[in-house]
Every structure is written in C-alpha cells, then in structure tokens.
Amino acid sequence: MTLKQTALHAEHIALNARLVDFAGWDMPIQYTGPLDEHHAVRQGAGMFDVAHMSAVDLTGPRTRELLRHLVANDVAKLTVAGRALYTCMLRPDGGVIDDLIIYFLNEGWFRLVVNAGTTEKDLAWITQQAAGFEVGVKHRSDLGILAVQGPTARATVAKYLPAALAEKSLALIAFQAAYEGDLFVGRTGYTGEDGFELILPHADLVTLWQKLVADGVKPCGLGARDTLRLEAGMNLYGQDMDETKHPLESGLGWTLDFSDAARDFIGRAALEPLRGGKSPKKFIGLMLEGRGVLRAHMPVRFANGALGETTSGGFAPSMKQSIAFARVDANAEGNVEVEIRGQWVAARIVKPPFVRNGKVLIATP
C-alpha cells in the first residue's frame, strides 16, 4: 500500500525524521527524540505536522440545525463568530464515530476538524445526514493543518502572519479562531499548552514551517504528541474511545449536552438511560506507584474485585512517572493494581489532567 504524504513530507525527510505508517499516512514519529521534543513544547515552542487531519466546511442556512442533530454537544453554545466547540459524533447506539472540533464562522458556515483515520467514514456519515438539511459538505483537501504549541508559540507564530491577522490572533481566547482569506488561526491544541492550530493552503504551510524552523521552533513527531496529550488528559480516538464505546464510559460525559429536552441528537436515546452514574463502566486516570511502564490493554484489578483495562498509557516525561487512562467497572474502589509482564504492580487513582501549562497537577512520590 502506498502511504499518503502531507505537503511537509519533503521537510521531514530533510530533517532526518523517523517516519511511520499512521492511519495510512507517512508521518514523523520523531526527529531528535520524543523526550527532547516533549520538553521543547512544555518549555518553549514545538510544532507538529497535522495535515493528515481534515478540515470540512459545512455551508447553508440550516447548518446549525444539522449540527444540533449530528453531534452530542450543542452548537447553540456557539453565538460569537470564531468560537469553537469540542464534541463527539455518535452512532444511534451511542458509539463514537469520531471526536472533533467545530468552529462557528457565520450562520451559513461552520468548519469541522476531523481525525485522519476517520475522515472517509466521517465524510460519508456527515453527507448522509446533511442531505435532509440541504447543507453543503466540502472536504478542504486544498488546506493543511499545522499545530504550534508551547508557552512561546503564539508570539513566535504571530511574527509571520499578516499584520491584521496577527493582531486578531494574539487577542484570541481559548477555543476561538480568526481568519483572513484562506489563512485560519485557532487558539486550540492537543498538548495541554498554549498555542495555535493553523489551517492554510499547502504552499503556505511549507513556507511557514520553514520560517518557524529557522526561528528555532522545534519540529515534533507523533511520539511527543502522544506523551503530551496523555499528560494533558486528552483522549485518542481508536484507543480511548471508538464506535464500540460511548462517551459516558470514555471520560467524555462532559461533552454530552442534554439540557434542551427537545434536541434529538443522534445517540441521545441510547445514552439517556445511562446518565447519572448508571453506565456499567467508568473512565479513570492511574499513576503507577511501583516500577514499570503502563501501556494500553493492561489488566487492572481492585481490592473489591472490580476489573478493568488500561486504554492509553506511557511514561510521563514532565512527571517522571508512568500514567494511564483505564476503563473499569463502575463499582471499582479500593487499592488498585495493574498487571505488567505477569506481575501485579500497585497504582493509584488520580483525576486527569496530569499536567497543564507546564505545571504538574498530580502529587508524585
């Protein structure tokens, strides 16, 4: 199978990046090393090629109406142009088709950013649902996405934006975007640090990347992206949730908006009976107390006999501890252990996020 390539592929080759198959794309997992790249984001600025992800524009006078039915969070919250919302798109049985960000640009135009591995099924599902609302669905394959993250990221990026857009961008609050023509800047991210996610034409993407490299912004791969998002308490589609798991057992109950009883979003009927702690599974954070490294799919057991399994796990460089997410029986309580290579190792339940804005939020031994 021939892997797809982003517009930055030649830049990755030039930087001697280690490339891997990620959702059918030839993507960098590291450049100088995941630890080095992780700390660059926490301490300064790092950037990620996320052009394998997709921007999808929905247009038409009934777009808001469609989205109130299509996704579990309520776009009625989006009343100011540029504001964004994180949500899940669900199957009728409550399984997660994808998690995504929606930007409200005007009443006839909303922009979605969806995951790389789910783009084709997302487009098919959205197009099917949109037909009844006469909403146009356009995959913006002409655009790429660049994430620049870290405490110095916004100020650095602003130097290379058109003056008017730079001024607007520096004034953005979290989960807000500004744009000028095809150059789109959102104050969003997947690392637990401040920064921008930029959507722009491919040629401009390459030019901006080169300017930022010359300015000392650290290119970062998927390895650092994973440790950063894990520390930040952010789910990964395909590991922490998928079509077989619903938001209430995936730590995403906060993305479900049941407040408008008349809003019949897809999946609502299946999830209503599970509200109020009635889901048989719950989602927790763990920190290892003994030696070893937590990984996905490790068995978890509790003193009261409850069981579970880790969904994401790894060594947290900012904490120098091993952490994980786990899906466990709803009645789980008491001492907890994780099986690592045939040995049960003590852990403790903690509430994510573990790290935000460079600060460790969990007390470590």
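Me: In this predicted model, what links Y103, W109, Y179 and F184 into a cluster?

Reply: Ring pairs do: Y103, W109, Y179 and F184 are joined through them. Rings pair if their centres lie within 6.5 Å. By this rule the count comes to nine aromatic pairs.

Me: Why is the pair of Y179 and F184 called stacked?

Reply: The centres of Y179 and F184 are 6.4 Å apart, with 15° between the planes. The limits are within 6.5 Å for a pair and under 30 degrees for stacking, so Y179 and F184 count as a stacked pair.

Me: Why does Y179 count as partly exposed?

Reply: Its relative accessibility is 32%. Buried needs under 20% and exposed over 50%, so Y179 falls in between.

Me: What makes F184 buried?

Reply: F184 has 1% relative accessibility; the cut-off is under 20%, so F184 counts as buried.

Me: Why is the pair of F283 and F325 called tilted?

Reply: The planes of F283 and F325 stand at 45°, and the ring centres are 5.6 Å apart. Stacked would need under 30 degrees and edge-to-face over 60, so the pair is tilted.

Me: Why does this pair tie together parts that are 42 residues apart in sequence?

Reply: Because F283 belongs to strand β14 (residues 281-288) and F325 to strand β17 (residues 321-329). Both F283 and F325 are buried.

Me: How do you know that the charged end of R64 sits over the ring of F104?

Reply: That charged end is 4.8 Å from the ring centre of F104. The rule asks for CZ of Arg within 6 Å of the centre and within 35 degrees of the ring normal. R225 likewise has its charged end over the ring of F48, 5.6 Å from the centre.

Definitions and conventions. Residues numbered from 1 in each chain as written. Predicted model: local features only at pLDDT ≥ 70, side-chain atom pairs only at ≥ 80, totals over all residues. Heavy atoms only, no water. Phe/Tyr/Trp six-rings, centres within 6.5 Å; stacked < 30°, edge-to-face > 60°. Buried < 20%, exposed > 50% of the residue type's maximum accessible area, 1.4 Å probe, protein only. Helix = DSSP H or I, 4+ residues; strand = E, 2+ residues; numbered from the N terminus.
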